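Please describe the local architecture of this protein model.

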Amino acid sequence: MGNKSVELLSPAGNFECGIAGFSYGADAIYLGLKNFSARADAMNFSETELYAIVNYAHQNEKKVYVAINTVIQNDEINDAVQKLALVNDAKVDGLIIQDFGIVNIIKKYFPNLEMHASTQMAVHNLDGAIALRNLGFSRCVLARELSLKEIENITKNCGIETEVFIHGALCYSYSGLCMYSSFVKGESANRGKCTYPCRKIYGDDHPYSMKDLCLGDDVKRLCDIEVASLKIEGRKKTPLYVAATTDYYRKVIDGKDTSGCIENIKRIFARPFTQLHLNGKNKDVIDREFSGPRGLYIGKILNVKGRTITFKTLQHIAKHDGLLIPVSGEDRPFGFALDNMKIAGKYVFEANSSDTVEIKLPENAPVISKGMEVYCASSMEVKGAYPYDIPTVEDLIPKEEIDIKVNIHKNKIVATSVIDGNVVEEVLDGNFEQAQNLEKMKESVFNAFSKLGDTSFILRKFESDNVGVFAPISVLNNIRRNLIEKMEEVKANRKLAIPSGLQFGKECVDKSNIVIKIDDAVYLDNFDMVDFNNIFEVIVDIDCDFSKLKHCFKDKVRIGLPVIVRNGVMGKLKDKVRELLSLGYKKFQISNIFGLNLIREFKIDDFTVDYHLYALNNFAVEFWKSLGAKRITLSVEDSKANMNSIISNFAKSVDVIAYQDTPLFIADNCTGECEKCAKSKNTIVKNCRNFVLSERPFCINDKLSTMAKPFAVRYDFCYKKYTSESVQKIFKNLCSGGCVETFTIANFERGFK
């Protein structure tokens, strides 16, 4: 019978992808607009296409979710608000968001918009989902890294819907916590501009290039634990891919035969598959050899003669199919179009399973050897296997109901209508003859003005007042066209309801305080009282041994909560919080949304927000302040110009990090054998979690004089191993306005996309 309560959610990188998804069984699609989408390089939807696809979906009792799931800078707020007004007007079924400034704006100005927490929020435990529920979210998209047991615990206890990825590309890092592309290229994954550094070669292989997720029949287990939505990744994929993957999972959910479905998907786009960590910690999740797709395995080369290879095909192949041969040492498999194929010495158009074929390689082929594998990555057969009708966007635009009144006099004809409270009128002066058949004339007038088929209007009510004159049908049609043209112009200039008053007051401070953050208590051993007098606050990682803290007064200590705390260790974390509170530590810092729930649970009054919870705009800072946060740490991804724009309004409430060993990846995905992993360059491993650090520390300390003063300047000594001597030496240098010998300023001056 299938599970009718679970939602199958398909990606739509463009209008046709949306139709393909719906045609093959999607209950809902998710899409992006031209801005603020985490897949900025997908084609995405225009305003007209958005109205059309929403209308199509609602006519077929399906849903559309819009992703505005990037973090947003101050100078983009007005544009973002216009997008929110647009999706509100289009009556979308939900908004997928990451930025807490957007959360703030929605709650203030668009309270009817349903909020879904993007996977970019890195929601990975029950406390995170509960915090979102308390903020008014109706759904959270869970981090991909979770096990079935963790998903079940969150789903059954959080009080809102959960959405889980079931198929598609994977990120090495937790989504929303990757800074690699941003630091290296100035193109941020959190802004939809990722350059995919995880797919590149480092040394001799691809240590971070993930296989593709494919849960297959295990999605039934997600149905059993009442996950609300099963999500297919792929807003950059083709309509064919969307059709094939949607068709496969529709059949799995409904208990239908799926023979050939996976083979078809592989012949469209597929890296090697993994179930990731659904069944517990999985070390086989990375494709070290190649970063690109391979396709469907179809055979092994039996013989090579010149540029001709021979192999027995395991699948049907045909002329113009795309084949791949993985070649050791190359970044991607060698691909070519099948244009020349023989069986038993005769040229053929197609070959069936078990046929031995001879294929001539193109002239640019690398050295190919006997024993190499052959894959099919594009199939003419598959391209014809998923037909569907594509309605035009124009046909799907919702028609707006209008009333038209026509007054026909001897010397003029007046046609009027009303749109948005504005009276629109078309007048034609003339000398009109007496009508010989008034009833027929009335019918002609109605027929002329009801011809609205190719416009965005539909006639609701029609009135005609005729004193008994005759007007040619061509004249009536022309009056109608002119009237509707004027109405279309009014509609085109229609302004959506944009809230006003998006301004903030001004704040400034005379001098910035100094804050340091440490993850090892011994780092303070060499600090004397003069050093401590210069420090406003010390943020100490909660995993530290607090018995080793020296000279530090408790009123200066703030406890730093981790970014990632999986459900299995949450109990221990809460025990530690309880213990520290009993010892007199009263100040805390959160770095993931789950921390907000802990703050509420333990009734902690004094908390701050770390940079992982992005605040790139005034509304995000205001949001956290409204929840009681004392201060908000600005992102190390941010630019000087944008930070200045925030500090000018919230100087008393923000910290700026001036020195840090920044984790570019934070990941629960193994890069290889444990011993090799622990010795990887720039990789810190804690409890089997990888923190891949920037090769050079982030440091803008010597540039602070060029920017507005925040409440505090922060120096971090975390992740990388320091000594108490080196920490004090660097600290004193930083306090005197210096920097370390080699460093990066990331996007501070260049800005970022």
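Two strands pair when DSSP finds at least two bridges between them. Helices (H or I, at least four residues) and strands (E, at least two) are DSSP runs, numbered from the N terminus. This is a predicted model, in which local features need pLDDT of at least 70, side-chain atom pairs count only at pLDDT 80 or more, and totals for chains, interfaces and linings use all residues. Residues are numbered from 1 along each chain as its sequence is written, and side-chain values use heavy atoms, with hydrogens and water left out.

**Strand E36 and its partners**

Strand E35 (residues 683-686) is joined to E36 by four bridges and runs antiparallel to it. Strand E34 (residues 663-667) is also joined to E36 by four bridges, again antiparallel. Phe 691 in E36 is the bridge partner of Ile 684. Phe 691 also stands opposite Ile 666. The hairpin of E35 and E36 has two residues between the strands, and Asn 687 there takes a positive phi near 55°.

Buried means under 20% relative accessible area, exposed over 50%, and partly exposed in between (1.4 Å probe, protein chains only). Five of the five residues of E36 (residues 689-693) are buried, so this strand is largely enclosed by the rest of the structure. Both faces are covered: Arg 689, Phe 691 and Leu 693 lie on one side, Asn 690 and Val 692 on the other.

**An open sheet**

Eight strands form an open sheet with antiparallel pairing, in the order E15-E14-E20-E11-E12-E19-E16-E17. Strands E15 (334-337) and E17 (346-347) stand at the edges with a single partner strand each, so one side of each has no neighbour in the sheet. Four bridges join E14 (residues 322-325) to E15 in antiparallel fashion. Gly 322 has Ala 337 of E15 as its bridge partner.

**Helix H16**

H16 (residues 567-582) has 16 residues and reaches 24 Å from its first C-alpha to its last, close to the expected 22 Å. The expected span is 1.5 Å times one less than the number of residues. The buried residues of H16 are Asn 567, Met 570, Leu 573, Lys 574, Val 577, Leu 580 and Leu 581. They cover an arc of only 125° around the axis, which puts them on the same side of H16. That arc is taken from the directions from the helix axis to the C-beta atoms. An α-helix has 3.6 residues a turn, so residues three or four places apart point the same way. Gly 568, Lys 572 and Ser 582 are exposed on the other side of H16.

Contact means heavy atoms within 4.5 Å. The buried residues of H16 pack against H5, H6 (148-157), E29 (557-560), E30 (587-590) and H17 (594-601). Gly 584 follows H16 and has a positive phi, near 100°.

| Residue | Loop between | Relative accessible area |
|---|---|---|
| Gln 120 | E5 (115-117) and H5 (126-134) | 13% |
| Lys 703 | E37 (698-699) and E38 (712-717) | 19% |

The side chains of Gln 120 and Asn 190 are joined by a polar contact of 3.3 Å. A polar contact is a pair of N or O atoms within 3.5 Å; within protein, one must be able to donate a hydrogen and the other to accept it, and residues adjacent in sequence count only if both atoms are side-chain atoms. Not counting residues up to four places away in sequence, Gln 120 touches Asn 69, Gln 98, Ser 175, Gly 176, Ala 189 and Asn 190.

Lys 703 is in contact with Ile 745, Phe 748 and Glu 749, leaving aside neighbours within four places in sequence. The C-alpha atoms of Lys 703 and Ala 658 are separated by 8.9 Å, and these residues are 45 residues apart along the chain.
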